[in-house]
Amino acid sequence: MRYCKSIFIGLLFGSLAKIVDLIPGNTLLGYLGLKDLLNYLGVFIVVVCFVEYNSKNTKEGIVKTLCFMLSMVISYYCATLFVYRYFPYRYLLLRSIVAVCSPLLYILITLRRKNGHIAILGTLIPNLLLGSEAYKFISTSSYFTPQLWFDVIAVIIIFWKLPLNKKNRLFSILGFVILIPFLEQLDLINQLANYLYGLMFR
């Protein structure tokens, strides 16, 4: 029963994502880019960080993350089937792979609870992923897209909330600043997604 909340929120989130997809691009939400917000990596990084921050232990957090991600993917494509009478099973498979791999990010974030310098990685890794996504918008001069500012605000909040002490916060910020010139090369998740997409659709 304790995981039902994660499943329910995942189902709700997936359904909402499908509804948002149906909004025409020539509406206010379309012009603002909000209809695409749920399609970006940053949203799901923040979700995993939130789950880790509020979980009592690693096992519970991993199960909650899986429950949320898989229920979200299932509800999204069930809604797609209902609306279009078409089931894009290849896209379902691709996003299911990403959902199943999401606990790996959770485990990396739990490093923030460790002792020593390894704790810095628990904050640095999610922020580098967010930063690599934000870099794509900055490099194309898309300074006013909601996704960019979502990523920027998320980075600030993660630096504020995840580190367990001021020392870890300071070192994680310094590490992030040092690695800013390499954000384009650090877009590993996007590269992996493109590789899987190429294997399945080309």
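Lys64 and Glu60 form a salt bridge, with 2.8 Å between their closest N and O atoms. This is a predicted model, and a search of the whole structure turns up 3 salt bridges.

**Within helix H4**
- Lys64 and Glu60 both sit in helix H4 (residues 58-84), 4 residues apart, or about one turn of the helix.
- Both partners, Lys64 and Glu60, are buried.

**A network around Glu52**
- Salt bridges link Glu52, Arg112 and Arg113 into a network.
- Glu52 pairs with Arg112, where the closest N and O atoms are 2.6 Å apart.
- That pair connects distant parts of the chain, 60 residues apart: Glu52 belongs to helix H3 (residues 41-54), while Arg112 is in the loop between helix H5 (89-109) and helix H6 (119-139).
- Glu52 also meets the side chain of Arg113 in a salt bridge, at 2.7 Å from N to O.
- Because Arg113 lies in the loop between H5 and H6 and Glu52 in helix H3, this pair ties together parts that are 61 residues apart in sequence.

**Burial in the network**
- Arg112 and Glu52 are both buried.
- Glu52 has 1% relative accessibility, so it counts as buried, the cut-off being under 20%.
- Arg113 has 40% relative accessibility and therefore counts as partly exposed, since that class lies between the buried limit of 20% and the exposed limit of 50%.

Terms used:
Residues numbered from 1 in each chain as written. Predicted model: local features only at pLDDT ≥ 70, side-chain atom pairs only at ≥ 80, totals over all residues. Heavy atoms only, no water. Salt bridge = Lys/Arg side-chain N within 4 Å of Asp/Glu carboxyl O. Helix = DSSP H or I, 4+ residues; strand = E, 2+ residues; numbered from the N terminus. Buried < 20%, exposed > 50% of the residue type's maximum accessible area, 1.4 Å probe, protein only.
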